[in-house]
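Subject: Structure handover

Hello,

I am passing on the structure below, followed by notes on what was found in it. Please read the notes with the model open.

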Amino acid sequence: MDKGQLEVGARTGKLADYYEGNYSQASYKVLKPAELTRYTQEKLTLMRNEVFARYGYTFSKNEKLRLYFTKKEWYQAEKVSLDLVLTPIEKKNLLTIQSGEAQATLAK
């Protein structure tokens, strides 16, 4: 392909099928706080960190998460910083999920 050209294509099927993990919705749609109330604090923590895991975040400072994601066939640890790769939807959802985690912790 020559410089300046783009490849245009189309995918068919459900959007969720293009994202690995149990909580793929955190990467492709804006989550509402009310949607998160059905999840425990532990599940919300996994949901939030799964966004990072899809990009190959290494979890070098959190042994529990590193071990959890290492068991996932799709996970490949390779990055220590994701500042430049997270989408606006993911960034917004990460804040919403963190807020949900805090609420779930207070409810215990």
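One aromatic cluster is made up of Phe52, Tyr57, Phe59, Tyr68, Phe69, Trp74 and Tyr75. Rings of Phe, Tyr and Trp (its six-membered ring) count as a pair if their centres lie within 6.5 Å; planes under 30 degrees apart are stacked, over 60 edge-to-face, and the rest tilted. The structure holds nine such aromatic pairs. Phe69 and Trp74 form one of them, edge-to-face, at 6.2 Å centre to centre with 65° between the planes. Trp74 also forms an edge-to-face pair with Tyr75, where the centres are 6.4 Å apart and the planes are at 90°. Phe69 counts as buried because its relative accessibility is 0%; buried stands for under 20% relative accessible area, exposed for over 50%, and partly exposed for what lies in between (1.4 Å probe, protein chains only). Tyr75 is buried as well, with a relative accessible area of 9%.

Some background on the model. This is a predicted model, in which local features need pLDDT of at least 70 and side-chain atom pairs count only at pLDDT 80 or more, while totals for chains, interfaces and linings use all residues. Residues are numbered from 1 along each chain as its sequence is written, and side-chain values use heavy atoms, with hydrogens and water left out.

The chain as a whole

The chain has five helices and zero strands; helices (H or I, at least four residues) and strands (E, at least two) are DSSP runs, numbered from the N terminus. Of its 108 residues, 33% count as buried. The chain exposes about 7,900 Å², and carbon and sulfur atoms supply 53% of that area (Shrake-Rupley method, 1.4 Å probe; for residues, only the protein chains shown count as cover). A contact means heavy atoms within 4.5 Å. Among contacts between residues at least 6 apart in sequence, 55% join residues at least 24 apart.

Helix H5

H5 has 20 residues and reaches 29 Å from its first C-alpha to its last, close to the 28 Å expected at 1.5 Å a residue; the expected span is 1.5 Å times one less than the number of residues. Its buried residues are Glu90, Asn93, Leu94, Thr96, Ile97, Gly100, Glu101 and Ala104. What covers them includes helix H1 (25–28), helix H2 (33–36) and helix H3 (41–54).

Asn93 sits in H5, which runs over residues 88–107, and it is buried because its relative accessibility is 0%. Its side chain reaches the backbone oxygen of Ala26 at 3.0 Å and the backbone nitrogen of Leu31 at 2.7 Å. Leaving out residues up to four places away in sequence, Asn93 touches Gln25, Ala26, Lys29, Val30 and Leu31.

Leu86 lies in the loop between helix H4 (63–70) and H5. With 13% relative accessibility, Leu86 counts as buried. Leu86 and Phe52 are 34 residues apart in sequence and 8.4 Å apart in space, C-alpha to C-alpha. Beyond residues up to four places away in sequence, Leu86 touches Val51, Phe52, Tyr55, Lys91 and Leu94.

Salt bridges

A salt bridge is a side-chain nitrogen of Lys or Arg within 4 Å of a carboxyl oxygen of Asp or Glu. The whole structure has five. In one of them, the side chains of Glu101 and Arg48 meet at 2.4 Å, N to O. Glu101 lies in helix H5 and Arg48 in helix H3, so this pair ties together parts that are 53 residues apart in sequence. Glu101 is buried at a relative accessible area of 7%, and Arg48 is buried at 17%.

Arg66 forms a salt bridge with Glu63, the closest N and O atoms being 2.5 Å apart. Both residues lie in helix H4, three residues apart, about one turn of the helix. Arg66 is partly exposed at 29%, as is Glu63 at 45%.

Lys79 and Glu78 also meet in a salt bridge, at 3.7 Å, N to O. Lys79 is partly exposed at 28% relative accessibility, whereas Glu78 is exposed at 54%.

Regards

Definitions and conventions:
Polar contact = N/O pair within 3.5 Å; in protein donor to acceptor, adjacent residues only side chain to side chain.
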